[in-house]
Amino acid sequence: MAEVLTSVLPIFLLILLGWVFKRSALLEDYGWVALERLTYYVLFPCLLGVTLAEAEFHDFAIRGVAGAIILAIAIVTAGLLAVRKVFFPDGPLFTSVYQGSVRMNTYIGLSIAATFYGEAGLAAAALAIAIIVPLVNVACVLMLGWFGNAAGQGVRGMLDACFKNPLIVGSFVGLALNVTGIGMPPLLGPMAEILAEAALPLGLLAVGAALHFEAIKQTGAIVVVTSAIKLVVLPLLTWGLLRLFGVNGVEGAIAILFNALPTATSSYILASQYGGDAKLMASIISIETLLSMLTLSAVLALLM
């Protein structure tokens, strides 16, 4: 456990460094906005595209992994909907609880996958992202459209935005290059690989810059319950389903890891723009990110 913690700690120190930099004079607010956009729209899609295009999937139990991830998220979704009227009667509040229970921070996940499992881990992580990102984005948009105070583009517009998500686009381009046997093209391929190398450190700094630790003051039972669902219940469900489907190896470990990640910092933007409880969302993001340093270390210690 101590060994795992010392390997995970640098990743979280980089996140903390992003939080410190954001509150220093190093960059103005618009500079952080530009950095986050560059990471989200260019660097991470390049990382996913390059990884998936060059990955060897023939040894991966893709059906079992996809089934376990999707079923685990579906079970949590069904459970939350079943108790919504009793425990989360406020619609916008429920949407933030839901986002906090199913979404995942890809920046942290990819960094840990690369640190502990190398190239095979990155390939399995990219595969997990290709499964999880479309699923949870569509599910969260539907929840916001149904229970939130959604405005602006409406549900159809938000769904359209999901399928234009750069992480989804990067994943499917990489998969297409892999399946067709084309691989990364000359000139563009090496350029994309250089861009991909910058994705993880800059992505982690952006995660830290987006945290709102002042929101922790509003922490209550709802935040604790949501964090427990995301950091404990969802990975346990995933583990059980993977065992049921007979999935082992790197892809199984990465599936558990990705469903054990804290929720994405972009959940706050979605909540504030489409009628969720943004203050609660900020609190959930911050608490889950802090707690995940310990919970992810525990998960990794059990997997290693």
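## Helix α2 against helix α8

The axes of α2 and helix α8 (residues 188-197) cross at roughly 120° and come within 8 Å. Axes here are lines fitted to C-alpha atoms, for helices over the stretch in contact, and angles run from 0 to 180 degrees between N-to-C directions. Helices are DSSP runs (H or I, at least four residues), numbered from the N terminus. The angle makes α2 oblique to α8; angles under 35 degrees count as roughly parallel, over 145 as roughly antiparallel, 65 to 115 as roughly perpendicular and the rest as oblique. The α2 and α8 crossing is left-handed (near helix turned anticlockwise from the far one by less than a right angle; right-handed if clockwise).

From α2, the contact uses Val42, Leu43, Cys46, Leu47, Val50 and Glu54; from α8, Ala192, Glu193, Leu195 and Ala196. Contact means heavy atoms within 4.5 Å. These residues of α2 and α8 divide into 8 nonpolar, no polar and 2 charged. Ala, Val, Leu, Ile, Met, Phe, Trp, Tyr, Cys and Pro count as nonpolar, Asp, Glu, Lys and Arg as charged, and the others, Gly among them, as polar.

## Basis of the model

This is a predicted model: local features need pLDDT of at least 70, side-chain atom pairs count only at pLDDT 80 or more, and totals for chains, interfaces and linings use all residues. Residues are numbered from 1 along each chain as its sequence is written, and side-chain values use heavy atoms, with hydrogens and water left out.

## The course of α2

Helix α2 spans residues 29-54, 26 residues in total. From first C-alpha to last it reaches 36 Å, close to the expected 38 Å (1.5 Å times one less than the number of residues). α2 bends by about 40° at Thr39; the bend is the angle between axes fitted to the seven residues ending there and the seven starting there.

## Helix α10 and its two partners

Helix α10 (residues 221-244) packs on helix α11 (residues 249-259) at about 155°, with axes 8 Å apart. α10 and α11 are therefore roughly antiparallel. Their contact involves Lys230, Leu234, Pro235, Thr238, Trp239 and Leu242 of α10 with Gly252, Ala255, Ile256, Phe258 and Asn259 of α11. By class, that is 7 nonpolar, 3 polar and 1 charged residues.

With helix α13 (residues 278-303), α10 crosses at roughly 50°, the axes coming within 9 Å. α10 and α13 are therefore oblique to each other. This crossing of α10 and α13 is right-handed.

Notes. Helix = DSSP H or I, 4+ residues; strand = E, 2+ residues; numbered from the N terminus.
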